[in-house]
Amino acid sequence: MPAPSPTWQFESDIVHQGAQWIIGLDEVGRGCLAGPVTLGAAAFRADLIGTDTIPEGLKDSKLLSERRREALIEPIAQWAAAVGTGSCSNTEIDEWGISSCLGVAALRALETVERDLLEKYPQDFYERVRVAVILDGPHDYITPAMSMVHAPTIPVIPRVYTQVKADQQCASVAAASVYAKVQRDHTMLHIAQDNPQWAAYAWGKNKGYGSAQHRAALKEHGPTPYHRISWKLG
């Protein structure tokens with residue numbers, strides 16, 4: 001049975017609680033051996049939620065082909081009020097740990113999107129506006145990260161909602177999922193193209209995940225400056 005398409009139901013419930021803006025967030029690259037972890041963010045004005053037409057074919061990025069994800073980027077960018085990403089590098093992951101980096105990357109994505117909203121909608125997005133974030137998964141890793149010295153200062157502190165499988169159920173999070181996946185894939189492709197000496201790791205194909213070819217190259221050649229050396233790489 002095919003996975004259901006995302007809807008506005010969860011976002012609508014949050015709007016009924018008083019939120020004026022909804023920002024969906026999702027991560028990609030958490031389990032990779034190389035490269036950054038990336039959070040995507042997609043923002044929507046509350047009074048349009050439930051009325052806007054969700055782009056045809058939008059689903060969690062893991063359920064879409066690479067070609068379909070690429071085709072959705074422009075419709076998502078035109079549909080959302082703002083979209084953006086935030087990342088933590090492999091060296092930051094080694095230094096701070098993946099949980100802290102998920103939070104910092106999320107805050108970097110939020111900073112990008114919120115500052116975009118401040119510029120585009122100065123009358124509707126301001127310091128006392130009520131912003132809600134929907135975070136895929138059971139854990140709020142954003143709130144603890146706000147106290148980190150490396151965390152950016154975001155214009156508006158949101159209320160964080162967590163939802164398991166939000167990337168499959170919530171339209172805003174599905175949009176963030178696709179946007180994050182495409183942007184991170186492009187990053188890994190560029191790293192691979194700029195470093196032909198590391199072709200054995202096949203980042204153009206595996207995007208830094210632990211494929212058999214990637215692990216075999218690690219065993220033979222060892223880690224590169226883009227690997228998470230604090231992880232079990234063997």
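Here is a short chat about a predicted model of one protein chain.

Q: OK. How many helices and strands in the chain?
A: The chain has 9 helices and 5 strands.

Q: In what order do the elements run from the N terminus?
A: The order is α-β-β-α-β-α-α-β-α-β-α-α-α-α.

Q: What does the radius of gyration say about the chain?
A: The chain has 18 Å. A compact globule with 234 residues would have a radius of gyration near 17 Å, so the value for the chain agrees with that.

Q: And what does the C-alpha trace span?
A: About 55 × 45 × 30 Å, taken along the principal axes of the chain.

Q: How much of the chain counts as buried?
A: Of its 234 residues, 50% do. The accessible surface of the chain is about 11200 Å². Carbon and sulfur atoms account for 51% of that surface.

Q: Which residues are closest to its centre?
A: E27, V28, S61, K62 and Y209. They belong to a lining of 13 residues.

Q: Which elements supply at least two residues of that lining?
A: Strand 1 (21–28) and helix 7 (171–194) each do. Strand 1 gives the largest share, with 3 residues.

Q: What's the lining like by class?
A: It has 7 charged residues, 4 polar ones and 2 nonpolar ones.

Q: New topic. Where is H227 in the chain?
A: H227 sits in the segment after helix 9 (212–221).

Q: Is H227 buried or exposed?
A: H227 is buried, because its relative accessible area is 1%, and buried means under 20%.

Q: What does H227 touch?
A: Leaving out residues up to four places away in sequence, H227 touches L33, A34, N90, D94, Y201, W203, H214, L218 and L233.

Q: How are H227 and G35 placed?
A: They are 192 residues apart along the chain. Their C-alpha atoms are separated by 6.4 Å.

Q: What about D60, where is that one?
A: D60 is in the loop between strand 2 (37–45) and helix 2 (66–79). With a relative accessible area of 1%, D60 is buried.

Q: And what does D60 touch?
A: D167, Q168, A174 and S177. Residues up to four places away in sequence are not counted there.

Q: Now backbone angles. What is phi of K165?
A: Phi of K165 is positive, about 60°, although K165 is not a glycine. K165 lies in the loop between strand 5 (159–163) and helix 6 (166–169).

Q: Where does K207 lie, and what is its phi?
A: K207 lies in the loop between helix 8 (203–206) and helix 9. Phi of K207 is near 55°, again positive in a residue other than glycine.

Q: What is the relative accessible area of K165, and of K207?
A: K165 has 48%, so K165 is partly exposed. K207 has 7%, so K207 is buried.

Key. Residues are numbered from 1 along each chain as its sequence is written. This is a predicted model: local features need pLDDT of at least 70, side-chain atom pairs count only at pLDDT 80 or more; totals for chains, interfaces and linings use all residues. Side-chain values use heavy atoms; hydrogens and water are left out. On a 1 Å grid over the protein atoms alone, a cavity is a set of points where a 1.4 Å probe fits but cannot get out, and a pocket is an open set with protein on both sides within 12 Å along at least five of seven lines; lining residues have an atom within 4 Å of a point. Helices (H or I, at least four residues) and strands (E, at least two) are DSSP runs, numbered from the N terminus. Ala, Val, Leu, Ile, Met, Phe, Trp, Tyr, Cys and Pro count as nonpolar, Asp, Glu, Lys and Arg as charged, and the others, Gly among them, as polar. The radius of gyration is taken over C-alpha atoms; the globule rule is 2.2 Å times the number of residues to the power 0.38. Buried means under 20% relative accessible area, exposed over 50%, partly exposed in between (1.4 Å probe, protein chains only). Accessible areas come from the Shrake-Rupley method with a 1.4 Å probe; for residues, only the protein chains shown count as cover. Contact means heavy atoms within 4.5 Å.
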